[in-house]
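Please look through the sequence and the model that follow, and keep both at hand while reading.

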Amino acid sequence: MTTSTLTDRLGSLETFNQSALDRFLEKRIDPLWLSAKRKEAWEIYQSLDWPNPRDENWMRSDIRGLKLSKFAPNVDESTQIASGSPVRLLDGVDVSASARSVNGVVVSETLDEKLSAKGVVVGSLSRCAREHSGIVEKHLHSLICPKSDRFAALQTAMWSDGFLVYVPRNVRIELPIHLHAALGDGQVDLSHTLIVLEEGAEATVLFESSSPDPMASGFHCGGVELIQHGNSHLRYVNLQDWGKGSWHFAHQRASVGRDAQLQWTVAAMGSRFAQVDQRVQLVEPGASSQVNGVMFTQDRQHLVYNTLQHHNAPHCNSDFLYKSVLQDRSRTVWRGMIKVSPGAQKTDGYQRNDNLMLSDAARADSIPGLEINADDVRCTHGSTSGRVDEELIFYAQSRGFTRSEAIRMIVTGFFQQIFDRITIESVREALGAAIARQVRQYE
Amino acid sequence: MSHILRIENLHVSVNDKPILRGVNLVIKFGETHALMGPNGSGKSTLGLAIAGHPNYQITEGSIWLDDANLTEMEADERSRAGIFMAFQRPVAIPGVKMADFLRHAATNVRQPDRKEGQDLIPMREFRKELKSKMEQLKMDPEFARRYVNDGFSGGEMKRAEILTMAMLSPKFSILDETDSGLDADAVRLASASIAEIGRDKMGLLIITHHDKLLEHNPPQFTHVMLGGRIVETGGAELARELHDQGYDRIRKAYPDAEAANQQMLAKEEPVAV
């Protein structure tokens, strides 16, 4: 396939065009700076081609099945349907705030009054862009560049809504904040999640996405920005469980300041195709980040994760562990990079990706990488891929486990190393249960 | 209780290479049998064939537990029927705690008709039982929280296998070199543990090169395997003789079996477990 045919197919759509943009902007009540930013991104969108399949980031991605013309930008709010999308991270959890979006538009928000009085902001990003314009203008799309690729440009121009979590200086929120995005069949979600923790702030954010119909085919093109100032602590959980016919494109970024700590847990179970570009930048000395990634795929799912842990300052720590289990004909691609900038001495970087294949037809690509421009650093990486070991199955069977129970147990054990790192019990349990549900019967 | 494990004319191949060439053996509930023989004679193969390892093809003959034909069963069905094998080198299952593994195993073995997803033995009840068994076997309670065989020393693996046997209360147990790689104290402890579980509460087949385990668990019967067959059967004195004098007499007395044994050793490839 050549680039031009891809461009033809994706680019000749009638749906994401100038008149759609004009109509979209007309309906919005955005501050001037935002309208200007959108128009600027639209120019970039128009000047860019769709990703070149020869590009290193996209060469293992197959988006030939994407027919963007089947989707239209979500301009008219009357198309919103309240839906029964499952929520998994709330079991037995008290929350301090919550917000929910349907097809990329926030439909409900709650926030503990005491937190509100302390200056905490949680809720619709569109609303906050008007009501807390200063905060949003300063941070929104400060980490994601619309020039990254055409999806980033489209999202910067036409993001419909999403969530803002803003925690002021030295405010510590004990109970988690829950955010839920629902996406219906044939619908579009161009949302953005912006989380800003000022100096000394602390928060736990549970974000999950799902669809009312488990096979729903939607289009998500989103952005996540986690901005942490000095000494702040953020635990961010992202459970991606879109309907299994959905397309998921996302740029996800974190910037971690002096002595701040980030624990980012990613569970990718949904969508038919996902391309996630995840970058954590350690921008000041003493910053530390831990990323725990779980992928569980089936049928013909194809998930691509490009991760970057970028050490921009000395004495920082990054620790990325991604584990995937693949069933059926599914495919995962994990491409990890530790980048150490000149001067980022005493860097401690770790990356690892382990893959367990439950079927001969599954395929996992694992490409770890290092780019080191400082001389006093410690960076280690590794990856393993293999089929489930028949000797383990026999051993368990000789102790009374059925073959199916044995495989389920081996899969649970395989993920345990990640679960051991997740410090939020309810998240551990919810992920464990979600994975157990997906393991097929093996006879 | 009276149960019988009956092995009739058993022929077993691995990767289409014949290993066992007609084994006959009857073990009654409450009896202890020793199975001895030089390297490559087929001792472990017999154990794995009884346990139901899928790589061990039964080409002829059968294995009966009372009226049930084990050769028609999967390994898990055999386990639920009351067969247990303590492996020489049990595999590690990272991320799965001993206690969780044993709880699931014990539930399945005690409730052979249990369907996947049905309740396990209540946690409290199971913990109490596991704790008391571990005390009996002089095991550190921390053991229950470790991952199955993961990073275990040789001695810890063997003790974990004995603990598993104690929790599953099988009708028949095959101990495959449970004494190998252990120091004298560990062997004494392992032997005492087996005796403590109660040799009269199961039928035992002890596979060994040595006689250390047998000192504490004297066999009523000793079988000598050579070239994939049991060539001689005697009492406890035969085990002592083989330990003291080796297999020279046996090798000379059964030249055909010795030839088969040499042939198997010559083409022996690393076989799993």
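Arg421(A) is buried, with a relative accessible area of 16%, where buried means under 20% relative accessible area, exposed over 50%, and partly exposed in between, using a 1.4 Å probe and protein chains only. This is a predicted model, in which local features need pLDDT of at least 70 and side-chain atom pairs count only at pLDDT 80 or more, while totals for chains, interfaces and linings use all residues. Residues are numbered from 1 along each chain as its sequence is written, chains are lettered from A and ligands numbered from 1 in the order in which they are written, and side-chain values use heavy atoms, with hydrogens and water left out.

The side chain of Arg421(A) meets that of Asp319(A) in a salt bridge, at 3.1 Å from N to O; the term stands for a side-chain nitrogen of Lys or Arg within 4 Å of a carboxyl oxygen of Asp or Glu. Because Arg421(A) lies in the loop between helix 9 and helix 10 (425-438) of chain A and Asp319(A) in strand 16 (residues 317-326), the pair ties together parts that are 102 residues apart in sequence. Helices (H or I, at least four residues) and strands (E, at least two) are DSSP runs, numbered from the N terminus. Asp319(A), at 19% relative accessibility, also counts as buried.

Elsewhere in chain A, salt bridges that share partners join Glu56(A), Arg60(A), Arg331(A), Arg335(A), Arg363(A) and Asp365(A) into one network.

What does chain A share with chain B? In this model, 21 residues of chain A are in contact with 37 residues of chain B, contact meaning heavy atoms within 4.5 Å. Helix 9 of chain A gives the most to the side that touches chain B, with eight residues.
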